[in-house]
Amino acid sequence: MVFTVLAMSGPQTETGPQRKLLGARKRHLSSDGHEEQVSRTLKYFRETDVGVGTKKLVKDEHLTIETRKSVKDEHLRTETMGTYISEINEQGQGWFESSFSSERKSSKEKTQETCEGLQGHRANVRSVPVMKGEERSKSECSLTDGDSELKSDENSLGTKDMDTDSEKDLFEESFQDLDLLSHIESIEESQNSVDITDVKKITVSDKRVKSGQVMVSPNSRAHEKTGFITENSMEEKLNCESIGKSAVKKRESICYTNFSKTTRTGEQVDNEMRTKSLNVTEDFEKVLNSGNVGSLRDRLKRKLLQNVGGRSPMSPALTIEQGRLNQLKEAELEAAIIQEERSADDIGPFYGLPSKVQQLLQDLRGITSLYEWQDKCLKLPTLQRGGNLVYSLPTSGGKTLVAEVLILKEILCKKQDALMILPFVSIVQEKVKGMAQIAVELDFLVEEYAGSKGRFPPVKHRKKCLYVATIEKAHSLVNSLLEQGRMESLGLVVVDELHMIGEGRSRGSCLEATLLKIILAKASTQIIGMSATLNNIKDLLTFLEADLFTSDFRPVKLTEHVKLQDYIFEIQKGETLQESLNQQRTVMFQYSPEVNRVDPDHLLGLVTEVIPEHSCLIFCPTKKNCENVALMLSKLMAKHRRELSHVKKQERKELLKELYKDGEQRLCPVLQHTIHFGLAYHHSGLTTDERHLLEEAYANGVLCLLACTSTLAAGVNLPAKRVILRSPYIGRQFLNRSQYKQMVGRAGRAGKDTTGESILIVGPKDRCKVWDIISGPMENCYSSLTFDEGKGLRSLILSTIGLQVTKTTKEVFEMMNHTLLSTQAAQLSCDIVAMTKDALQQLIDMGLVIQKKTLSQEKENLQPAHILEVTPLGRATFKGSVDLNFSAQLYKDLKKAEESLVLTSHLHLLFLVTPYDLVKDVQPPWMTYFKQISLLSPVELKVAELIGVPEAFIAKKASGQHTRQIVDEFVVKRFYLTLMLYDLWKQRSLWEVAEKFEHPRGFVQNLLSAAASFAACVHHFCQELEEFWAYQELLGTFVKRLAYCVSAELLPLMEIPGVKLGRAKQLYSTGFRSIASVASADPDTIVKSIKQISCKVAKQIVASAKVLVNEKAEALLQEVEDLVTIPTDPVTSQQGSPTRLSHCDDMDLFSGTDMTSESQ
């Protein structure tokens, strides 16, 4: 009796063989001679993890048993098979434990173990009987095809690794080819079905097993190819395909030659196997070349033989090193591709900036990631190539952060200066403070150009600088750079609130002139504009030659509402007002008749729905209404919501103390009452210090409601959960859509609220106008050059002639073709040529420009050309940034005062620098005027007489009498403002001056700031006129002191951004008496020395002082650099470039002699 083995090749892995066993099925012969198959599932052994790195291989297969005997004989054979399988299971487990106990064995040692295991298997194959007596006579064991398949596969692996010079090296390295094994594993995983066509029936006669003993040794590798034995006829012969007969016989001969011997050494078997391996490989090639092999095993063999020819004679160590080098080359190639995609100026991973920038934004601003639109905007191709860009988004969308990233990239990466133009002085000051800490960490400078601050021309610095300027100061700065030919140093200009170019006043025309000059300079300066949504933004794009990026992104969802009487409607999209307003609810607050009379708009109910847990803003039409609303709400809360006064009670008391201290022991009675309930008002009537304290308290949650004017929406970013528009008016003017969108855009705090909401309160008479606000088109932005009868146009032409941007009338007309006015000429129905001619003629009539005729040769024809030049007065006007309407008046006043200037007091100088444009806003109370003028000394009264303000005239005005005395009332009103400045010069407090002259303290502070700015303009005006040499000396230190109106010892501290009079006095009293002492101080020391100052404020002060010290140090170093620069003789030097200080370490700076060479 023989056993027929059904075997299938499995892939070899690095931890042992991976088996794939076939299911065994009973086979019976039916009456018609055909086989019947009866499935029978047996449970077989599983490979488990043994040693490090052993894979879990679980293979459940089915054993197919062929039988032609009776059911009884089959049952007997099944028991025998179960016994044999259990032995294999136990012995196979032992083989794994012994064969893979150490993963660190070398490949050669593992190969030797494999050979010894094979020898041991053949040597001990007879040692244990499987069946006894009659059972053995019925069932003669036959070696499974698994052994011969194992041998053939091992030889195949050996053939793959064979080297032509050494068969031994080939065999030993055959198990090291891990790449091949991985390939085999991938093929095995992709195999979805078991190919049983490769089953071989091999019969081995009982003569070869003389003793009738068969055993699989625990140390053998026989189970690498496992076959299961089935009974077959004794007379059955080997049933192999003719095409593979020789290969099968050679496999038998390899495995079973001299098998009857009881003992053989592993070395003998090893030698015999190596001798036979080449012959087996040749037979395999014949099989593979036949083309009829399609089983998985044959495909694996084909792959092995293909690998034999393709294998490079390289050691594993060299292979690993070569792989590492290939990966390195691929990484370098990818890096090169990324580098090509990035800008050449990139120096870091954060949009071309160092990682430190990202960390600073997180530490100082709490910004951990950018919005999607910000990321997209910063990656625009327009920005990468340095093109101009305008981006437009709703309020609170995060526009400023993009601008700051671009500024830092310009300074740190491109090594160019940058200019940021902001609309208000307060915003400039806040931005300078905010950028100070970043500037200190990243080693660049920040200069403030607002009010009286700013140097013209700007000082050259070795470090790069960020100029933060108002619109007017930015215009003067650009003029100065153009005059000196330094526009190339300015790489980037960022304009916030770009739509203010159509504001309609002098600021709009000034902004347009600034941008036009940058464009005409043909420098590489990039212009970035941040704008609100406009209806005709394409005109701005054409003017700036810029691209547009727009988005409707809001970090917090906004829901808009309209309140009509007791009904609140939600605003939706619709074609009519009725379709756009969807009634949401009816106001049902429990108001008593008295409360309803005081608060008919239900402000108390609307406010208490969100506060104190959330914040609220109420926009009011006038300053007075802001104070009234805050006071009314606080009184109602005192009666009906008293518990609100207990929220953050201690913090609110500290806020009142700060206000009292900064107000020099004075406190607004309205704020004193409202702050207890978390309410305050906010408008320009407050001083800068008061507004700053209130804004900080609101941002920190100490205050939960602000009643404010529309200026807050355009200024500091203070969002709220709910925004209420008290009325659809600003002053007496009805709201437009842009103003409405700007105010409701403050609703929703990013990072704190998930939604924001706005409520517009509308009376019955304004119901029809609401449609224009909520659904009307956005406003258009038109050029402001035509404002005030073309004053902006005249100023533009004067400055371009003075800067020699335009030298002839023809160039003036060409320049006008590039203006925004020219782009919109058709819409505005204006004749650019006629307007330009009129403006030129007026400048000539005013004595600011002169015209000369000359001959120019164009196309070989002599044609007359009109050369334009500015007069000394014209040059002084545009360089001093003096209003054209007042330049002649200023010249006249200075000339008149020069003849009889009174220097015994500062009153006369103060009158000369009192702003002309504020006079129209003043209506002096004559009795107050008379009291103040009566307090003047005789010398000061003489100054009034010389100016043209007689005391008798004021006395008659105060008594209400009519006078026939001819007096210029403009001068009289201007002198009233001068008296206010005179009291401030004497270091009287703002509160005291405001009460004495019956004007709001905010107005008095604005007057002081405007006077300081105008004094700087007058100083520059006089510097351009040699006849006013005396004023040049007098106004030098006078302007600096006027900016602060403090004693001389406090002036250095007042220069630090963010330090006002009260804080300067505190610093001075605690020993910090200079900028250097503050810059070198520890913020914790300042916090301990000065009570009621936060660590955040102390850090800002120290950082601002450091920036100021660095700025002054750089200015001095640059001055020294310029002084010691040695001009090179162009005759002896080919390049003719001057020698800088850095090149003069070993040189006598005065003689030009190399001291090192002389000593040698």
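In this predicted model, helix H14 (residues 399-412) and helix H15 (residues 425-442) have axes that come within 13 Å and cross at roughly 40°. That angle makes H14 oblique to H15, because an angle under 35 degrees would be needed for the pair to count as roughly parallel. The crossing of the two helices, H14 and H15, is right-handed. On the H14 side the contact is formed by Thr400, Glu404, Leu408 and Leu412, and on the H15 side by Lys431, Met435, Ile438 and Leu442. Sorted by class, the residues of this contact of H14 with H15 comprise five nonpolar, one polar and two charged.

A second helix pair can be described in the same terms. Two packed helices are described by the angle between their axes and the distance between the axes. Helix H30 (residues 809-816) packs with helix H33 (residues 832-845) at an angle of about 130°, and their axes lie 10 Å apart. H30 and H33 are therefore oblique to each other, since only angles over 145 degrees count as roughly antiparallel. The crossing in which H30 passes H33 is right-handed. From H30, the residues Thr809, Val812, Phe813 and Met816 meet Ile832, Val833, Thr836, Lys837 and Leu840 of H33. The contact of H30 with H33 has six nonpolar, two polar and one charged residues.

These pairs belong to a protein with 49 helices and 26 strands. Of its 1160 residues, 52% count as buried. Considering contacts between residues at least 6 apart in sequence, 72% join residues at least 24 apart.

Leaving aside residues up to four places away in sequence, glutamate 690 touches Leu659, Trp991 and Arg1001. Glutamate 643, by contrast, is found in the loop between helix H22 (623-640) and helix H23 (649-662). Glutamate 643 is partly exposed because its relative accessible area is 42%. The C-alpha atoms of glutamate 643 and phenylalanine 677 are separated by 8.8 Å, although these residues are 34 residues apart along the chain.

The cysteines may be considered next. A search of the whole structure finds zero disulfides. Cysteine 377 is buried, with a relative accessible area of 0%. Cysteine 830 also counts as buried, at 19% relative accessibility, because the threshold for that class is under 20%.

Most residues other than glycine have a negative phi, and most peptide bonds are trans. A cis peptide bond joins phenylalanine 456 and proline 457, with omega about -5°. Proline 457 is found in the loop between strand E10 (445-449) and strand E11 (465-469). Another cis peptide bond joins isoleucine 611 and proline 612, where omega is about 5°. Proline 612 lies in the loop between helix H21 (603-608) and strand E18 (616-619).

Positive phi values occur at two further loop positions. Lysine 522, which is not a glycine, has a positive phi of about 60°. Lysine 522 lies in the loop between helix H17 (506-520) and strand E13 (526-531), and is exposed, with a relative accessible area of 67%. Glutamine 987, likewise not a glycine, has a positive phi of about 70°. Glutamine 987 is found in the loop between helix H40 (969-985) and helix H41 (990-997), and is partly exposed at a relative accessible area of 42%.

Terms used: Residues numbered from 1 in each chain as written. Predicted model: local features only at pLDDT ≥ 70, side-chain atom pairs only at ≥ 80, totals over all residues. Heavy atoms only, no water. Helix = DSSP H or I, 4+ residues; strand = E, 2+ residues; numbered from the N terminus. Buried < 20%, exposed > 50% of the residue type's maximum accessible area, 1.4 Å probe, protein only. Axes fitted to C-alpha atoms, helices over the stretch in contact; angles between N-to-C directions. Parallel < 35°, antiparallel > 145°, perpendicular 65-115°, else oblique. Left-handed = near helix turned anticlockwise from the far one by under 90°. Contact = heavy atoms within 4.5 Å. Nonpolar A, V, L, I, M, F, W, Y, C, P; charged D, E, K, R; others polar. Disulfide = S-S within 2.5 Å.
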